[in-house]
Amino acid sequence: MTIAKLGYTLLGLFIVWNWGFLMGATFRKIGARLAGRYGIPFYQPWINFFKNIGVRTTITHGVMYYLGPVFRLTGGIGLFFFMPMVFTGDPNGHWTNFSFEGDLILILYFQLFGMLGMALGAGEGGHPYSAMGIARGLAQHAAVELPLTLAFLSIAIQYDTFSVYKIVEAQQGGFQNWVLFTNPFASAAIILAMLGAMGHSPFNLVKAPNEILIGPATEYEGTYLGFMQSAGSILHVMEAVLFMNLVFGGATSWAELIVKTFLIYFWSVFVGMVFPRFKIEQSITWFFKVPLVLGVLAIIVFSF
Amino acid sequence: MISPIHILTIGLGGAFALGFVPKKAKDAAAVIMLAAIALMGVLTGSWLIGLINGDSAQQVFTAGFKPPFSINLLMGLNEGALTTAVNFIGLLGGIYLYKYLKEAGNHAIMVFLIFIMGLNVVIMTRDIFNLFVFLEIVSIATAGLVILTETGKAVQAGFKYMLATGVISGVLLIGIIFAYYYSGTLNIDGLTQAHIGALRGGSVALLMIMVSILLELKTFPANGWGLDVYEGANAGIGAMLSAATATGMYYVLYKLLVMAGPEWNYWIALIGAVSFIGSNVLALKQRSAQRLLGYSSIGQIGLLMIILGFKDILGDNTPYVAFGILFSHYFAKAGLFWLAGIVKQSDIANWAVIRKKPYFLFLMGTFIFALIGFPPFPSFFAKWELVMELVNTGNLPWVVAILFGSMMEAVYLFRWFGYAIKGENENIEDFKIEWNKILPVGIVAIALYVTGYFTAQHTEAGAAINWIPLFFVAAIFILDFLPVFVKNTIAIIGMALYFYNIYPDLDNMRLVFEAIFMIGGILTLIAGYAYKGKRTGFYPVALLMYAGLTAIIEAQTTLQFFFGWELMTAGSYFLIIRGKRSMPHGLSYMLFSVGGAYALLIGLGMAFAGQDSLGMEIINTISYLPYWAYGLLIVGFLTKTAALGLHIWLPGAHGEAESDVSPMVSAILLKAGVFGIVLTLIGMGGESNSYPWLPYALGWLGAITAFSGNLMAVFQEDAKRLLAYSSIGQLGYIVLGMAMMTHLGWLGGFSYVVNHFLYKAVLFLTIGAVVLRVKTHNMYEMGGLIKRMPLAFIAVMIGIIALSGVPPLSGFAGKWLFYNAILEKGWYLQGAIMFFSGGIAFMYLWRLIHTVFLGQLKDNHRNVKEISIWFLIPIYLLLAGIMVYSVKPQWVLQPLGDMIAQWFPDGQLTWDGGTAFTKYGHWAGTAVAVTIIVAFLVVLALLLISTRKAHKVKQFDITYSGERPERPETTHVAYNVFEGLYKAMWIATIPLVETWWNKVTDFLHDTADIVRRIYNGNGQTYIIHIVLFIIVTYFVIIGG
Amino acid sequence: MEYITITTGFLIILAGLWAIMTRKNIIRIIIGFSLFDTGIHIVMVSMAYVKGGVAPILDKNELLTDTANKIVDPVPQALVLTAIVIGLGVTALMLAYAMKLHSEKKSLDIESFKDLKW
Amino acid sequence: MSEKDMNSKVNEMLARSEANVKNSGKKFVRPEDEEREVVAPDGSIIKVNPIYDYFSGARPEEEKPRNGIVEKFLNWARAESIWVLGFGTGCGSIEIPPLVTPRFDMFRFGVQMRPTPRQSNAFIISGYLSVKTLKRVIRTYEQMPSPKYVLALGSCTINGGMYYDSYSTINRLDHYIPVDVYIAGCMPRPEALLAGFAKLKELIKAGKAEKANEYARNFDWYKANQKKIVKDWNMPDYNW
């Protein structure tokens, strides 16, 4: 590992962080435009971030509460580290971070790291709505995980590897090689389950603004919130990058990455703009109905 | 040698002499009786010793005539042993009844003496008319004893007994006279030579003789009169009936069966089986202790009849098997009857009073475990030999019948024992102890252990058993009066030394399990220092479990393995039932264990079949019904790993156990089942497995177990039950991994074995210690404890991260290996179910840590202290293990991989420094851990810089819509947290398995309740039963 | 002739059994038992009978003649004595029981002594 | 504790506190806020004071602005990112929702609603404030992180309006918490509210919106005023 690699990685992280903020702003903007409003300025998330970092008083409910955002941000950054971003034909290329070809299982399970830390931190906050949000989040996460796992397995069977890099490599050479077309069931399962993973409406009952305040983050303020916003923006991009790598042929340049992640992200945004919020049991049942069946089909297709 | 005829002399002489003793000199009379019985015992004992040393048997003819004109006795080895036994129990019974008989007067004493003498002759006689006479003497003596000493119900029972034995002996008499008519002799040997059964008309004579003896043995179902006497008579008399009379009658049956010829063997076995199963099933509904013992006696005699029926098959082993069962029954039943007389409680629920004198509980446990056939009692070895031989000769249905009957017996005996250990005993009057009553009970208990030891020495495999751990347990038992601190230290040192001594002898696979058992044992024992006082009975049973566990590991033969298995079961049963509300769970644990052990027994029998060896290696080459054999072995082991369907004992058992017992029975004990499964799967051929469907089914079972265990855990409100269900789920993973039968699958499985041990021990120890502080299991009654017990919180946090498989901690190793294994094996759907279970696991883990440690601190916990240091020490040692495993996974996985490669050489991990490669991907444990830790520290530093000072606030300083929370209880989200999930998935939480087992038990109990109503208490009905029994046997045996 | 006795014997046995199984009064049951026992004794004796036989009392003269082969079998006759004695003992004990039972419940109906069951 | 026990215990506490009031003439303490005894798991008895034991209750301190350019930048960020917590118990709150409609669209000014005081920096208090709701306002205000700004919306909030002489209405909000921007009117239109935001932005950017520090500085005065109105004060003096 050279200094240059570290530099590239940190640069990549910076790009992702900013891109995440920008995507967040665009999300709000699209919402506003749908409602016929002008909406926020595109730089609003950065302002919010600096404002939050700049609060003067901070409270802490205890050590775990304090560490919650740290876990969350580490989860986001770690996910970035373990994910190959831009395909350059070299498994240790510049934009592959510390992924070493990227192990799908590591990525899958490391997502839980931030979630767990956040859950614990919010738990120590002692607010009932935090706990409710987390309980919902975990239940929904499990339901999302099942079709996702099936689809991931299906893709892994298809290419006989768990290496994200290799999966991307196999999809090079034209869009007809994308998993989207070579493994439609798995792709469909992922595209649907992705809605849950992104956490926008109708699957936004984790935060459920105005119903349970803001869910797990109810007690978090100022600097913590800034950290969590950063983590959220990174995680959003990373989710999109993951799906891009698995289904949409990866990216060979930052431009391609930005276009693809934008489209992936906005698939969930558009759905969210149209549908109202599900109840938790409705959400779980839905994931067990449609994406799960697709996931099982994806497995069955490849097991015979 | 003194001629055995002098038994008659002594008996009759003593009885006559008693006539001269003045009525008031009651002590003198009783002493004379005891002396006479002792003299008879010395006489027969000296014969026994002589015969064992090679003297020849002696026939005795009275008055110098040849048969049939004389009393004709034979003193052979069997007779010597049995008469000695009868005189021994007679002497003990006499001592037990000393005061009672003294009260009743010289007549009763006389009758008792005659009773013993009659039995002696019944055993020795070779003449059927003689037999009739002495049978009548015994019956009359019994009835006489009852009428001389008893009133009320016992007299009614005595009258029924008289009536029934009168009719039976009438039938016997007709049979005798017919036999004589057709064969011209009354001598048993003569009748044998004449082949009485083959003579015209002789078969009917034989049938009458045999049937009347069977009836005298109180064969089911024509035995209501016998049951009434067992229940109604004084316990001392019941003991004599059960131990002495039954022994004598059994030997009579043996003698006559030789006479009847081999074609009767089958019928005797069949009637025995009906009797064994029938009476044991009917006993299920029994609440009266003595009647229950009566049912059990009849059942045991039925078992002995089966053995007799198979005497040609068992061959030279018949006496070994028969005596093994007979002596266990004889000592144990006498002991239990005597205990019943001491405790004086009819309802078994009231036997809880026995706990007020713990050593009596120990005696009762001894007898009950001896009856069921646990080691180290003779019945264990006898049953083993019986099953081995029967399976070897292809008599599987009989084995199933025997084990089913034994299972039923276990149900009611352990229910009774459960009441004794855990029942409510506040309002029951304590019982009094009299020296003459304790002495015999103590002697028979010791005799059981001694005979058990010598029975074991009798066979080659049994002699190889390592008794050192058991002696250590016995030593700890004797030292039970010492305080906890001393006993704990002794136990830890003992286990450490033992481990140090044996670990060089073990191969790697056994070493892994032995390390889990022993090191885990020592660590959990350290937690025992937290307890004050004596902790009566804890150390012997805990060490008994560990002795069993190490015996399983060390086993060179299947007998040793099974021996260890049963010891472990017994020890863990006692451990589990120590919990506060564990009575029903202890019972269900025991029943599933016994059932599983029987499945193992048959499986091991099938392994023995055709191989004629008991070495452990025979399970590698099973040739007799191999599918069934491996299947049964796996089912047997699955009862210990609590696979779905066999799991219902676990949540309660682990959940209600004491704080430091839960990790013992969860993190450690469950691995015994895994060890068994590993052995079986290796036996099936490892990579070249030729029974593909078994692992396939096992794999699905593992996956579904993982799913349902985890799902149930999500909906628990009880922290320890949550962990218990979690154990079910985790064991499901292990089973699935092993069932894959690939290198990676096994590596994943073993990784989980080690991991589950580490984190489940941490979690159970911590939660157990928390429970000790807050005195409740309910998570919603806790909360916010992180403020009071930060160290416990850290332990649980690391434990749950390791369990959930989140990188960088060790749990991820298992997940990663599993994914690769699943892909390699092609079990995608099973794998998907398993990973979904992982997601579910995340929910209950969060619930566990949140509802206990986070959220709102409850008022009454404001001052609780950090968990005990004695719990923290083992917890943090285990955490160190988790951390080492996490950062340097190659230290654990590489040796495991090398070990597994001997069975699964294909598809190994390749290691490059700290990075593992499969053909699908790679995993650099150390690098990942370092990356994450560095990132974490950087982010933490950033946060520390940007929040210059954070004001520490308290629990109610939360936004609450402008209000303040009223109480922590109403602010803590903990009860029914996953309501939404329940609404979506309730259908998967219907306890089908539990319902099914409940239906099964209900069905058996209801059947028993209906059928036992044939014993309506009317003496005439009993006679009708007898007549019907004769008619039915006639049509079945002769007419059929 | 021997058939008459043996048949009678069995009839008496059956009659006795019938009484034991159907009569409710304990005394009658005991009488039934007595009948049962007696029937057995008759059967025993008649089994030993040899057609045209003589009593098995042998002296020198008879040993010298053919009569020795014509004696009836003495063994059952010896046995029956023992059996009668035992039967007497059993009957006596039963009667003692009847007394004791009566003294407790003032009843001789066997139906009233069903305290122990199931 | 069963429901019955709970009820009887509450009744008992009620009776006791009534007796307290009668006998000593002390101020009224709600029975559930009285010091209570709890039995710990080990059998010892713990005393819990519901008013003090659950809360930090430390006094607020003045937070000095940072130096020069940093504070300027932060103030600009604060001004452009106003996260609003609305407190609307009276008629005035009906004027807040139109702000999210296309016609008024407060988002373009960087103003947005936030559901929790922890994450808001602007507090809109609308409608007449009663004795009952004042306590909630105070707690919410104190829980917001500093710097924080208060907009008083409508005449009733500012000076009692038409309820100026009501026994139950607060007629001077700024006696109890410091107010940055007064938006007068009955009712003020949403445009007025937007104008209020603009004014607030100006103040913040000019570094003049330091009312949180003023509250800390004059904490005793504010607290005394508050306690004059709120009789059953069941909170600590400062809510973190």
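**Chat notes**

Q: Where does C:K106 sit?
A: C:K106 is in the segment after helix 4 (74–105) of chain C. Helices here are DSSP runs of H or I with at least four residues, strands are E runs of at least two, and both are numbered from the N terminus.

Q: What kind of model am I looking at?
A: This is a predicted model, where local features need pLDDT of at least 70 and side-chain atom pairs count only at pLDDT 80 or more, while totals for chains, interfaces and linings use all residues. Residues are numbered from 1 along each chain as its sequence is written, with chains lettered from A and ligands numbered from 1 in the order in which they are written.

Q: Back to that lysine: what's its phi?
A: Phi of C:K106 is near 55 degrees, which is positive in a residue other than glycine.

Q: Is C:K106 buried or exposed?
A: C:K106 counts as exposed because it has 8 C-beta neighbours inside 10 Å. The cut-offs use C-beta atoms placed from the backbone: buried means 20 or more others within 10 Å, exposed means 12 or fewer, and partly exposed is in between.

Q: Which pair of chains shares the most contacts?
A: Chains A and B, out of four pairs of chains in contact. A contact means two C-beta atoms, placed from the backbone, within 7 Å.

Q: How many residues does each of them bring?
A: Chain A gives 65 residues and chain B gives 62. On chain A's side, helix 5 (128–159) is among the elements supplying at least two residues, and helix 5 of chain A gives the most, with 17 residues.

Q: Which strands pair across the two chains?
A: Strand 1 of chain A runs parallel to strand 6 of chain B, joined by three bridges. Pairing takes at least two DSSP bridges between two strands. A:T60 stands opposite B:K952 in strand 6 of chain B.

Q: How many residues are in the contact between chains B and D?
A: That contact takes 20 residues from chain B and 23 residues from chain D. On chain B, helix 33 (743–774) and strand 6 (950–952) are the elements that give two or more residues. The side of chain B that touches chain D divides into four nonpolar, six polar and ten charged residues.

Q: Which chains don't touch?
A: Chain A and chain C don't, with their nearest C-alpha atoms 53 Å apart. No contact joins chain C and chain D either, and their closest C-alpha atoms lie 44 Å apart.

Q: What's the strand order in chain D's five-strand open sheet?
A: The order is 4-3-5-6-7, with parallel pairing. Strand 4 (111–113) and strand 7 (181–183) of chain D stand at the edges with a single partner strand each, so one side of each is left without a neighbour in the sheet.

Q: How many bridges join strand 3 and strand 5 of chain D?
A: Five, between strand 3 (residues 82–88) and strand 5 (residues 122–126) of chain D, in the parallel sense. D:L85 stands opposite D:F123 in strand 5 of chain D.

Q: Where are the cis peptide bonds you've spotted?
A: One joins B:F220 and B:P221, with omega about 0 degrees, and B:P221 is in the loop between helix 9 (202–216) and helix 10 (224–232) of chain B. Another runs from D:S146 to D:P147, with omega near 0 degrees; D:P147 is in the loop between helix 3 (131–143) and strand 6 of chain D.

Q: What's going on with B:K218?
A: B:K218 is found in the loop between helix 9 and helix 10 of chain B. Its phi is near 65 degrees, a positive value in a residue other than glycine. B:K218 counts as buried because it has 27 C-beta neighbours inside 10 Å.

Q: Last one: which residues of helix 43 of chain B are buried?
A: B:G1019, B:Y1022, B:I1023, B:H1025, B:I1026, B:F1029, B:I1030 and B:T1033 are. They cover an arc (taken from the directions from the helix axis to the C-beta atoms) of only 150 degrees, which puts them on the same side of helix 43 of chain B. On the other side, B:L1028, B:I1031, B:F1035 and B:G1039 are exposed.

Definitions and conventions. Ala, Val, Leu, Ile, Met, Phe, Trp, Tyr, Cys and Pro count as nonpolar, Asp, Glu, Lys and Arg as charged, and the others, Gly among them, as polar.
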